[in-house]
Amino acid sequence: MDFSQAQTAILNLLGRVSPGVLPKLMHWVKNSSDIEKLTPSNADVLLHGIADDLRGFLPVEAMVGSENQAMENLHKLPKPTLHVDAFLYNDDTIDLLCDEGKMSRNYCLSCGSRKTAPIDFLSHSFSIVELKYLFQHVLPDLSEKTLVDVGSRLGAVLYAVYHSDICSQQSLLHHADVVVLNNVFEYFLDTEEQIRTWIFLRENIMKKECLLVTVPSLKESLHKLQINLQLNQWVEEIELDPDIFLGSETDRESLSDIHLYRVL
């Protein structure tokens with residue numbers, strides 16, 4: 001079928017669609033990942049290519065020895081939890097690893113029986129879908145802007161050039177236009193260090209209109225530590241729309257965990 005024939009066939013098909021359904025169908029055509037898969041963008045190909053390459057250099061859990069604090073905290077959780085880097089492993093990749101016996105979605109409640117329950121998965125990195133949501137729908141144009149991704153790990157958001165404690169980077173935070181904090185302290189610092197770090201961030205992220213991207217919300221993170229940083233005098237939350245359609249791979253719950261704030 002050549003272009004002219006395809007064009008005619010599509011128009012004929014659309015002409016048979018009920019008027020009330022047509023807007024929904026056109027929205028699906030413009031936004032569906034099913035359509036994207038037929039003509040993947042260069043950005044998607046590049047991101048998936050980077051993830052494919054990195055997986056070859058890392059263990060399945062994508063954690064290194066220096067992240068021993070995170071590993072200890074994972075073991076303390078009441079339910080078995082596996083760290084799976086969301087940038088490296090989407091659901092299809094996890095399914096493949098499970099089929100190969102390299103990973104499991106379930107754990108045994110009683111050894112030797114078929115009584116099992118789902119394992120919780122935890123990621124300290126954004127997935128590719130979450131990154132697309134973040135950069136295409138949440139953040140403004142970042143040209144000539146300074147973005148700081150605290151605890152950038154493998155560099156899914158930003159390939160870092162600083163290797164130091166964020167509490168030694170006052171000047172960097174003073175000039176930041178966007179600061180990303182994705183599950184960044186809870187599993188990597190003890191309680192006292194977390195409190196010290198949040199106080200430091202509160203004192204040094206003061207540039208007016210600076211944007212903070214956090215997972216989870218600031219309120220949730222600070223409530224766990226029982227500290228009051230007077231959020232209403234520091235930032236205002238910008239309401240996001242997690243229902244923006246990003247295709248069949250979209251996990252609405254994970255998008256709802258992303259919060260955006262503007263420094264007052």
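On a 1 Å grid over the protein atoms alone, a cavity is a set of points where a 1.4 Å probe fits but cannot get out; a pocket is an open set with protein on both sides within 12 Å along at least five of seven lines; and lining residues have an atom within 4 Å of a point. Rolling a probe the size of a water molecule over the atoms shows where empty space is left.

This is a predicted model, in which local features need pLDDT of at least 70 and side-chain atom pairs count only at pLDDT 80 or more, while totals for chains, interfaces and linings use all residues. Residues are numbered from 1 along each chain as its sequence is written, and side-chain values use heavy atoms, with hydrogens and water left out.

**Stop 1: the cavity**

Select His124, Ser125, Phe126, Asp149, Val150, Gly151, Ser152, Ala156, Val157 and Asn182, which line the largest cavity. Its volume is about 70 Å³, where a volume is the space filled by probe spheres set on the points, and grid points are joined across faces, edges and corners. The lining divides into four nonpolar, five polar and one charged residue. Here Ala, Val, Leu, Ile, Met, Phe, Trp, Tyr, Cys and Pro count as nonpolar, Asp, Glu, Lys and Arg as charged, and the others, Gly among them, as polar.

**Stop 2: the second largest pocket**

Now select Val150, Gly151, Ser152, Arg153 and Ser164, which lie nearest the centre of the second largest pocket among its 37 lining residues. The elements giving two or more residues to this lining are α5 (68–76), β5 (147–149) and α9 (191–204). Helices (H or I, at least four residues) and strands (E, at least two) are DSSP runs, numbered from the N terminus. The volume of this pocket is about 1100 Å³, and its lining has 19 nonpolar, 13 polar and five charged residues.

**Stop 3**

Most residues other than glycine have a negative phi, and most peptide bonds are trans. Stay on arginine 153, in the loop between β5 and α8 (170–175). Its phi is near 50 degrees, a positive value. Arginine 153 counts as partly exposed, at 24% relative accessibility; buried means under 20% relative accessible area, exposed over 50%, and partly exposed in between (1.4 Å probe, protein chains only).

Next select glutamate 209, in the loop between α9 and β7. Its phi is near 75 degrees, again positive, and glutamate 209 is partly exposed, with a relative accessible area of 44%.

Then go to the peptide bond from valine 215 to proline 216, which is cis, with omega near -5 degrees. Proline 216 is in the loop between β7 (211–215) and α10 (218–225).

**Stop 4: the nonpolar cores**

Which residues have the most contacts inside the largest nonpolar core? Select Phe126, Leu139, Val213 and Ile258; the whole core has 28 residues. A nonpolar core is a set of buried Ala, Val, Leu, Ile, Met, Phe, Trp, Tyr and Cys residues joined through side-chain atoms within 4.5 Å. At least two residues of this core come from each of α6 (91–99), α7 (128–138), β6 (178–182) and β7, and α7 gives the most, with five. Apart from this core lies another, of 26 residues, including Leu181, Phe185, Leu212 and Trp234.

**Last stop: the whole protein**

Zoom out to see 11 helices and nine strands. Buried residues make up 37% of the 264 residues.
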